[in-house]
Amino acid sequence: MKRLLILLAVIFCSIFVSPLFAQDGTMMRTFLLKELDDAKDAWQRRYDSLKTLDDIKLYQEERKDFFRRQLGKMWDKTLLNPQVVNSFEKGTPGKDAYRVELVLFESVPKFYVSAAMILPDATKFKAPYPAVLIVCGHSNDAKAFPAYQGVAELAATNGLAALVIDPIDQGERTQRLKEDGKPTVQSVAAHNIIGAGSILLGRNAATFETWDMMRALDYLESRPDVDPKRLGVTGNSGGGTQTSYIMALDDRVQVAAPFCYLCSLYGKMMSTIGPQDAEQNIFGQAAFGMDHVDYCIMRAPKPTLLGTATKDFFPVEDAWQTYRNAKRIYDRFDVAEMMSASENDNVHGWHKNLREAAVRWMLRWLAGRDERIVESDSMPTCSKEELRCTPKGEVMLLDGARSAFDLNRDYNDELLATRTAKPRSDDELRAWIRKIAGVRPLDGIPEVKIAQQEKISTVAEATAISATKKFVFLAENGKIILPALRFNSKNSSEGIVVYLNGTGKDKNPKRVDELAQGNKTVVSVDLRGLGQTQGVGGQYYAHDLFGTDGVDYYFAYLLGKSYVGMRTEDLLAVARQLQHENGGKTLEVVADGETVGLVALHAAALEPSLFHSVKLDKPLRSWFDYVKEGCSTYPITNLVHGALLEYDLPELKRLAKVD
């Protein structure tokens, strides 16, 4: 029987363990994609349950409430203080003319939004006009980018007013400037920086963009030449993302046309390019069941046009499935004609026929005119300089201007005051930490198994280490591998030390040697996504700032998981196993590096019965200080969504009894 068990163990390791080792940095991606598949099944069951209008209305409200919560705390509506800083006419009156007004308004006091208002020829069309808010994709030129201003100009020459706004970190809204006033970083990379700086506050880069759009609609409503009952929104790529958000959340949006974005969180995109930049990932949305189609469903039965491109990196087949799923819901409202789609046989982009489709859709439903729209090659356009709203080309160079980082600092200060004034018992605080970080009680964490034990050479003949074994802990019922090394001193009578190194279990042999000199057994382990299983994605998420695993982080983020929480569970499961080996005695944890130090604090704070001491080889920055810094080097996997609403490192250190 014993031989049979050994044989089965060998077969198990050869089939399951070895392939996982070969994957190395892909382990977490594989694990999270499986979790995403499970979430897809749950979403499909919920969607299939929508049989009546009452079912659909409940579904809409559930997702709207969830979406608002996940965007976090926004701001009070204050005076917009709009300024028309310049205006001019373009084109030939009576033919292709339009009027341009360059606008600045404050979506939050001194948080400036730069915009271009493109108005119809007053000799040809009479105010008040239906109006379209146009939100820009990831172009540094934003409102001056030819395709984006082109849609506004096409709309205006056909009788619609159009407001094109610069998103944060695009156009004239770079949030961090060099000393010479030039941009440091813009567009996608900059959005990821703002996103990282917002996560701890329970916000997202999308929070800022959504608020700006809401205030832009306020501005349109305030204009006497705009009909406030006839407002639409359209945008492409990142602008398609923004359009999807505002059309789902703001009832003033009567007509919507998102282009080159909507596909599916559960479809082909995730297994190819993976999660996109910060504002396109809403915390927990995949786990909750808020897929791309739900942005359309949330606004049903209002007119919605979905635009896509055949060769888009947002998979066209997923876009058409989204359209079909939305169309079925519109059918239940008996308004199937109000959900439509347009495809361009091209790569990602707001190409000519899609721009024409957007304006035709707006005219049909905002102005009651179903006309063929043709964009003329001779249509007059504006230069970047003509569309500049600020004297030096950047809103942050205006007197008193505030950035997204400043607004986050304000909220950070507010949360600190709230936390310190909130009386809570240790048990209450631990309950909040568990909930926010996503750490199950110890008896709910699957036990780890040990596999693949093998002796290896000693670190050095002169050390106290006489033998070393390499092995793995199998966590999450064998789905996660935690590679480990065991160092036995010549007299391992003083208990067990769990050694964690953020760069890898074998990266500091000198430190391991020092620990083992004290007659202790040292177990050095790579928690998931560290060392041997470190994930590496594209530079998309700025490796120099946030580490190499931003793609995997946002997979987890969409699933409502934190890496801190998952790694804390790894450590707790390992510690429980080693405590059992150690006759029930508590363990010592030594953490070398900020990432593992944070995990060690969470583990010891939540389960003090497992540990008698926690030693941090390097001091840790508090999350409060990280938000204050605005932008600094910090592993993105160390960020827990909404943590600062309830706790920070000082609370963890107190619970873990670390000075």
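Me: Which backbone nitrogen does the side chain of Asp121 reach?
Reply: That of Gly94, at 2.7 Å. This is a predicted model, where local features need pLDDT of at least 70, side-chain atom pairs count only at pLDDT 80 or more, and totals for chains, interfaces and linings use all residues. Residues are numbered from 1 along each chain as its sequence is written, and side-chain values use heavy atoms, with hydrogens and water left out.

Me: Ok, and is Asp121 buried or exposed?
Reply: Buried, with a relative accessible area of 9% (buried means under 20%, with a 1.4 Å probe and protein chains only).

Me: What else does Asp121 touch, skipping residues up to four places away in sequence?
Reply: Pro93, Gly94, Ala97 and Tyr98, where contact means heavy atoms within 4.5 Å. Tyr98 is 23 residues from Asp121 in sequence, yet their C-alpha atoms are 4.9 Å apart.

Me: Switching to α7: how many of its residues are buried?
Reply: 12 of its 12, including Tyr245 and Met247. Helices here are DSSP runs (H or I, at least four residues), numbered from the N terminus.

Me: Nice. What about cavities, how many turn up?
Reply: The search of the whole structure finds 5 of 30 Å³ or more. A cavity is a set of points on a 1 Å grid over the protein atoms alone where a 1.4 Å probe fits but cannot get out; lining residues have an atom within 4 Å of a point.

Me: And what lines the largest cavity?
Reply: Asp169, Arg176, Thr184, Val185, Ala190, Ile193, Ile194 and Phe405. Helix α5 (residues 187-199) gives the largest share, 3 residues.

Conventions. On a 1 Å grid over the protein atoms alone, a cavity is a set of points where a 1.4 Å probe fits but cannot get out, and a pocket is an open set with protein on both sides within 12 Å along at least five of seven lines; lining residues have an atom within 4 Å of a point. Grid points are joined across faces, edges and corners, and a volume is the space filled by probe spheres set on the points. Helices (H or I, at least four residues) and strands (E, at least two) are DSSP runs, numbered from the N terminus. Buried means under 20% relative accessible area, exposed over 50%, partly exposed in between (1.4 Å probe, protein chains only). A polar contact is a pair of N or O atoms within 3.5 Å; within protein, one must be able to donate a hydrogen and the other to accept it, and residues adjacent in sequence count only if both atoms are side-chain atoms.
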